[in-house]
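Thanks for coming. I will talk through one structure, and the sequence and model are up on the screen now.

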Amino acid sequence: MKEILNMKKIVKTYILGGEAQIVLNEVDLKVYEGEFLSILGPSGSGKSTLMNIIGCLDVPTKGNYVLAGQNVADLNEKELARIRNREIGFVFQSFQLLPRLTALENVELPMIYSNISSKLRRKKALEILERVSLSDKTKNYPNQLSGGQQQRVAIARSIVTEPTILLADEPTGALDQKTGLDIMKLFKDLNKEGRTIIMITHDTNIANYSNRIVKILDGKLTEEQKDNEIKVLRRDVGISV
Amino acid sequence: MFRESIKMSWNNIINNKMRSFLTVLGIVIGVSSIIALITIVQGATNSITSEISKLGADKITIQAMGTPLKSGLNESDLEQISKVEYIKGASPTVSGNSSIVYNDTVIENIAVQGKNEVYFKTESENLGSGRGINIVDVENETPVAVVGSEIAKEFFLGENPIGKEILIKNRTYTIIGLLKPTSGFAMGSTNDVVMIPYTSAMKSLGIGSITSVDAYMDNPEESDTIMESLNGVLSESFNYREDAFSVFNMQDMLDTVSNITGMMSLLLAGIASISLLVGGIGIMNMMLVSVTERTSEIGLRKALGAEPGSIQMQFLIESIVLCLFGGAIGFLLGVGIAFIASIAIGFELSLTYTTVLIAIGFSAFIGVVFGLTPARKASKLNPIDALRHT
């Protein structure tokens, strides 16, 4: 299996009130192509900070981070923007769609920043929207879509650039249970199609959809559960995927 | 990328119609007042200079104040002036006042001007009918006269004056020509004048020397050289007393007028640009509000891979689009005001490409200058903080 993400002794400290606070403490993490990884932790555990660093929205204070063969620990803002554009697809809890753009235009947005011609953008965006079963909603504005549909537009937007990693931050957090399950099934399908997914969540049930779980507590990665263990858990709670 | 930015800017303007309109109002007022002022001043300048040009831009006027020994110019001076390079002729004006009698009508105090054939040759367009004074008339002191339009009206009441005889200083003159009415401009108007050969005028009005000469140039481009030569000739004639004469060039007067109006339009434009400055501050304020409002949008765009430069570009384009929009409205408004003024004051509206460029240039400039700070602020936002901002 191809290694696509390798973090070594990642440390992140923040200065709060003149005092250095260690948010991530020597985190080691490897992710391989085709994995569906959950990072599970309660709030304040440092999982958001870890997500920001994985997503290249932030840089570590110390440590080594190689993403898709590039060392990203000490890149400048412009280079980080390029990495985010090419290697990462973000899915947020609150969808983060631009309200004045249609579903189609929202999906096209990341491709604007990779200088893809408008014709090709349209073509790709339509294809991806069909993949998330929203072909009939392409001209709708976000406020004309349900929460689940909005999140599917956001997922379409995150994969349209064919990034190395799909990075999801509590993707079901703003959805009701049933819609949340639909979204998780979509993630599962995308993973089966070969997409590498990293999901940050505090919800064990949601984490159980993935095939590997790492737990984070007080800035340290603690425990790993592999696919066969999770299958047992899934059977216990009655998840059937 | 560029096209998207323009499209997004336009959407933002449309979505905030009232706010955009009020913000842009400052630019509209600034640009429209600059355009209106420039156009009005330009139009007025054009009509003033064309009036002056009618008096003859190719003419140099010599005034002789004289010295105690020599009260003015004489025939040989006139000849010297004519011989100066690029001068095609010199026309003296000997003027005096006299009462004029026709039949039993007497009118006192009429301006009588002595002229020569050069005047009628070079300014032949002034002659309405009949003929002008020619060289034979001058040499023989023939008693002939050319009358101005007002004089003709007063004496002859619509009859054709040519061939009639009038009495000036007890000498009978035959009218041979009628001058065209000239515009109301006081200077150089010939409506109330009777012109006779200058030789006759000097004798009958008892004038000893010529005090005013118009020298006509072949080539007004060479006016500096000509002026220099004329000064040389005249100072020699007046024994190097520089205060005995003055040489005056119409071209100089034109230059002076355009200098004054140029300064005036600069001054007015300067005042108008204060309102542009205020408008620019309005733009900056709106853009800052817009950046704050759209913090999470900026965060998202950054997460999707927008470089700081493209965020800055987007907001800068937005500010420029806003200003150009205001500039376009202001331009139309300004031209409208100038058009109304041109009808009210009575000059020809002159719209130049420069004016259009000034409107575009000023508004784009304001857009860049006052959009830069908000755009930089947007580009420097930290994506994590920006995303959290909802």
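A nonpolar core, as I use the term, is a set of buried Ala, Val, Leu, Ile, Met, Phe, Trp, Tyr and Cys residues joined through C-beta atoms within 7 Å. Please keep in mind that this is a predicted model.

By that definition, the largest nonpolar core holds 111 residues. The residues with the most contacts inside it are Val107(A), Leu129(A), Ala156(A), Leu167(A), Ile198(A) and Val31(B). Apart from that core lies another one, of 49 residues, which includes Leu178(B), Leu179(B), Ile226(B) and Ala244(B).

What is Leu167(A) in contact with, leaving aside its neighbours within four places in sequence? The partners are Met51(A), Ile54(A), Gly55(A), Ile88(A), Gly89(A), Phe90(A) and Ile198(A).

Next, the sheet in chain A. Six strands make up an open sheet, in the order S6-S7-S8-S3-S9-S10, with mixed pairing. Strand S6 (88-91) and strand S10 (220-225) of chain A each have a single partner strand, so one side of each is left without a neighbour in the sheet. From one strand to the next, the twist averages 20 degrees. As a reminder, strands of a sheet pair through backbone hydrogen bonds, either parallel or antiparallel. S6(A) and strand S7 (residues 165-169) of chain A run parallel and are joined by four bridges. Across that pair, Val91(A) stands opposite Ala168(A) in S7(A).

Over to chain B, and helix H6, residues 149-156. Which residues of H6(B) are buried? They are Ile151(B), Ala152(B) and Phe155(B). Looking down the axis of H6(B), the buried residues fall within an arc of 100 degrees, so they line one face of the helix. The general point is that an α-helix has 3.6 residues a turn, so residues three or four places apart point the same way. The cover over the buried residues of H6(B) includes strand S2 (87-102), strand S3 (105-115), strand S5 (144-147), strand S7 (171-179) and strand S8 (193-197) of chain B. After H6(B) comes Leu157(B), with a positive phi, near 45 degrees.

Last, the contact between the chains. Here 20 residues of chain A are in contact with 17 residues of chain B. On the chain A side, helix H2 (77-87) and helix H3 (103-112) each supply at least two residues. H2(A) gives the most, with six residues. By type, the chain A side divides into eight nonpolar, six polar and six charged residues.

How values were computed:
Residues are numbered from 1 along each chain as its sequence is written. Chains are lettered from A and ligands numbered from 1 in the order in which they are written. This is a predicted model: local features need pLDDT of at least 70, side-chain atom pairs count only at pLDDT 80 or more; totals for chains, interfaces and linings use all residues. Two strands pair if DSSP finds at least two bridges between them. Axes are lines fitted to C-alpha atoms, for helices over the stretch in contact, and angles run from 0 to 180 degrees between N-to-C directions. A residue is buried if 20 or more other C-beta atoms lie within 10 Å of its own, exposed if 12 or fewer, and partly exposed in between; C-beta atoms are placed from the backbone. The arc is that of the directions from the helix axis to the C-beta atoms. Two residues are in contact if their C-beta atoms, placed from the backbone, lie within 7 Å. Ala, Val, Leu, Ile, Met, Phe, Trp, Tyr, Cys and Pro count as nonpolar, Asp, Glu, Lys and Arg as charged, and the others, Gly among them, as polar.
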